[in-house]
Amino acid sequence: MSQQYYPIILQLGSRFIRAGFAGDAVPIVRRRTNLYDLEGVHISPLGTSHAHFEDFGDEPNESKNDGSQVLWNYDLVGASLDKIEQVLERIIYDIYLTDLLIDPKNCKVLVIEPPFFPVPLKNLISKVLLFHMHAQSVRFFPEPVMTTISSGSHSALVIDMGWNQTTITPVFDLRQLYKYARSTTRAGRWLHEEVRKSLKENGCPYGFEFVERFICEAMYAGIASGSDENMYTFEGHDIPMEVRYELIENVFFPSSTSNEDDNAQSIAELVSQCLHELGIDLRAALKGQIIITGGISHIPGIKSRLLMELADKCGAGGIKSLGAWEGARQGKIKKTCPCMKKCGEETGARKGAYCRWEHGHPQHDNDFLYTISGCKVKVGHTDT
């Protein structure tokens, strides 16, 4: 009999893929998708709206468009699913053999599923894991629910500021309320495009990697620092000081009215509308339980700036969360054999892991109980 490992957790994104074992405090590996050959993933030219990139121009040593920088876009316009499947298989194969050092056949897989994840991509991931990697099983756990669990609460309003979109998902009693969820393209991709245009107008490098480093290392949310300097030197290039903070205000906190499209409104306005649409009982439970997560939320000051605006608009407040990964590998998991009276056995699981029943009850694999604040709760998941 082959060795049984703890389940693998995969957090798949269009730009980064994280992986590790259940119970690990942090992912063992974090791979960038643009390190692989992504040419041909997008077989038709992308548009020039805020939802897509324009060409990067003729700057040397830089890719021509974001098709060579991201693995997929949620709209899947012009995407080659066959090419995505090949690249994804290559990435996951390298993760298993190079980083995790295990045989894929010996592990179950838990995939953290982002909000509004396209069904074709979900099917593609299942195909790669089950038919190419021959994983024992694949389960998809919703990312907003995992984020809520890591905050130590049953309910929260999760704002996920990602690359393709920013989503606002109410979670009540560890169940997503899809009816009230909202999304907008005011996310990392839009910000990246605005920064690229501004750098190009000021005669600075505007390649993908340079723009990414500038956003991560130089930008912040807020007002001017009060310094008399009008220019900021970044990697030897003089950039206007207002570029560091004004673009974030323009992208995420624009002035808007309630009758505009979701993509035209600010995130705070969307959150306020989402809370207003909730029932009065749900509104009371979620109003002070706002969680801000996602890659863009790591920009200094953006969380406090958003919470300040929400407090002014609707009196909402935020709570801290350790992220979706911590929720997926949550330590307080306990599974009890349904026929305990018969066999007198109770099995505890390692952090984030699933119990292996040694007395032959395969149906027990469907019983996943999280213990939060002393209460056992069952978390919904999708089996594949």
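Q: Is Glu235 buried, partly exposed or exposed?
A: In this predicted model, Glu235 counts as partly exposed, at 41% relative accessibility.

Q: Which side chain does Glu235 meet in a salt bridge?
A: The partner is Arg213, with 2.9 Å from N to O.

Q: How many salt bridges does the structure hold?
A: There are 15 salt bridges in the structure. One of them pairs Asp99 with Arg31, whose closest N and O atoms are 3.0 Å apart. Because Asp99 belongs to helix α1 (residues 81–100) and Arg31 to strand β3 (residues 29–32), this pair ties together parts 68 residues apart in sequence.

Q: Which residues are linked in a network of salt bridges?
A: Arg182, Asp262 and Glu277 are linked in such a network.

Q: Back to Asp99 and Arg31: buried or exposed, or in between?
A: Asp99 is partly exposed, with a relative accessible area of 26%. Arg31, at 19%, is buried, because the cut-off for that class is under 20%.

Q: Turning to helix α6, how many of its residues are buried?
A: Helix α6 (residues 243–252) is mostly covered, with 8 of its 10 residues buried. Among the buried residues are Arg244, Tyr245 and Glu249.

Q: What does Glu249 form a salt bridge with?
A: Glu249 pairs with Arg305, and their closest N and O atoms are 2.9 Å apart. Since Glu249 is in helix α6 and Arg305 in helix α9 (residues 302–314), the pair ties together parts 56 residues apart in sequence. The relative accessible area of Glu249 is 18%, so this residue is buried.

Q: A change of topic: where is Ser14 found?
A: Ser14 sits in the loop between β1 (8–12) and β2 (16–21). Ser14 is buried, with a relative accessible area of 6%.

Q: Which residues does Ser14 touch, not counting those up to four places away in sequence?
A: On that basis, Ser14 touches Thr33, Val70, Leu71, Trp72, Trp163 and Asn164.

Q: What separates the C-alpha atoms of Ser14 and Val70?
A: Their C-alpha atoms are separated by 5.3 Å, although the two residues are 56 residues apart along the chain.

Technical notes. Residues are numbered from 1 along each chain as its sequence is written. This is a predicted model: local features need pLDDT of at least 70, side-chain atom pairs count only at pLDDT 80 or more; totals for chains, interfaces and linings use all residues. Side-chain values use heavy atoms; hydrogens and water are left out. Helices (H or I, at least four residues) and strands (E, at least two) are DSSP runs, numbered from the N terminus. Buried means under 20% relative accessible area, exposed over 50%, partly exposed in between (1.4 Å probe, protein chains only). Contact means heavy atoms within 4.5 Å. A salt bridge is a side-chain nitrogen of Lys or Arg within 4 Å of a carboxyl oxygen of Asp or Glu.
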